[in-house]
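Here are my notes on this model. Please read them with the structure open.

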Amino acid sequence: MRLPSVRYQQHFLTPQEADHWFIWLQNTTEVHWQQETFSIFGQRVLAPRQLAWIGDTGLNYRYTGLDHEGSGWPESLESLRARIERTAGQKFNFLLLNRYKNGQDYMGWHRDDETGCQGDIASLSLGAERRFRIEQGSAEERRHIDLEHGSLMIFNGRQRHCLTKTKRRVGERINLTFRLIQ
């Protein structure tokens, strides 16, 4: 599916590079996975996925009423960030990571339009293939891309988008979303 507002590079990483980063993110102590709770319509809800974040020291990315403060980048991620910045043509100072253990973990429809969000989002997919949905103007113009292991998608996060549940048997997926926060 071709989307005019999305740049998609199917083989951004080689299979060996993608496998390396996937295994590293599952096992490293430099990334601190957690399952957050947030409030929706006055109810506390458990996020249907795990997440972690990395950002420039002192930077705070606030969404769903929660603060996510950066404490610096692990040296091991610097070369990957630089490579993605070259491809995207912009700098990134914050990384939000989402970990989906199977097809029942998901991200609902939303926009990444919090105060301070600038530029595009660069989204690196690792692990199981999952379907990413995006609106191209209105709900009637929904499109999708099947995000593959090692692929990179660059898009305007202010467009409504989601990663829906699936009944298909799928394995674990980790998604790295590089952002510019002012």
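**Notes on the predicted model**

1. The largest pocket has a volume of about 420 Å³. The search ran on a 1 Å grid over the protein atoms alone; a pocket is an open set of points where a 1.4 Å probe fits, with protein on both sides within 12 Å along at least five of seven lines. Its volume is the space filled by probe spheres set on the points, with grid points joined across faces, edges and corners.

2. Pocket lining. There are 30 lining residues, and Arg49, Met107, His110, Asp112 and His161 are the closest to the centre of the largest pocket. A lining residue has an atom within 4 Å of a point. Strands E5 (60-63), E7, E8 (107-110), E9, E13 (161-163) and E14 each supply at least two residues of this lining. E14 gives the most, with four residues. Strands (E, at least two residues) and helices (H or I, at least four) are DSSP runs, numbered from the N terminus.

3. Basis. This is a predicted model: local features need pLDDT of at least 70, side-chain atom pairs count only at pLDDT 80 or more, and totals for chains, interfaces and linings use all residues. Residues are numbered from 1 along each chain as its sequence is written, and side-chain values use heavy atoms, with hydrogens and water left out.

4. Arginine 99. This residue sits in strand E7 (residues 94-100). Its relative accessibility is 15%, so arginine 99 counts as buried (buried is under 20% relative accessible area, exposed over 50%, partly exposed in between; 1.4 Å probe, protein chains only). Its side chain makes a polar contact of 2.5 Å with that of glutamate 172. A polar contact is a pair of N or O atoms within 3.5 Å; within protein, one must be able to donate a hydrogen and the other to accept it, and residues adjacent in sequence count only if both atoms are side-chain atoms. Beyond four places in sequence, arginine 99 touches residues including Trp33, Arg49, Asp105 and Glu172 (contact: heavy atoms within 4.5 Å).

5. Core. Which residues touch the most other members of the largest nonpolar core? They are Ile84 and Leu176, in a core of 27 residues. Such a core is a set of buried Ala, Val, Leu, Ile, Met, Phe, Trp, Tyr and Cys residues joined through side-chain atoms within 4.5 Å. H1 provides the largest share of this core, five residues. Leaving aside neighbours within four places in sequence, isoleucine 84 is in contact with Phe12, Phe92, Ala122, Leu124, Leu152 and Phe178.

6. Salt bridges. The count is 11 (side-chain nitrogen of Lys or Arg within 4 Å of a carboxyl oxygen of Asp or Glu). Arginine 83 pairs with glutamate 17, with the closest N and O atoms 3.0 Å apart. This pair links distant parts of the chain, helix H2 and helix H1, 66 residues apart. Arginine 83 is partly exposed at 25%, and glutamate 17 is partly exposed at 27%.

7. More bridges. Lysine 101 bridges to aspartate 105, closest N and O atoms 3.0 Å apart. Lysine 101 is exposed at 55%; aspartate 105 is buried at 7%. Aspartate 146 bridges to arginine 131 at 2.7 Å between the closest N and O atoms. Aspartate 146 lies in strand E11 (residues 142-147) and arginine 131 in strand E10 (residues 130-135), so the pair ties together parts 15 residues apart in sequence. Asp56, Glu78 and Arg81 are linked in a salt-bridge network.
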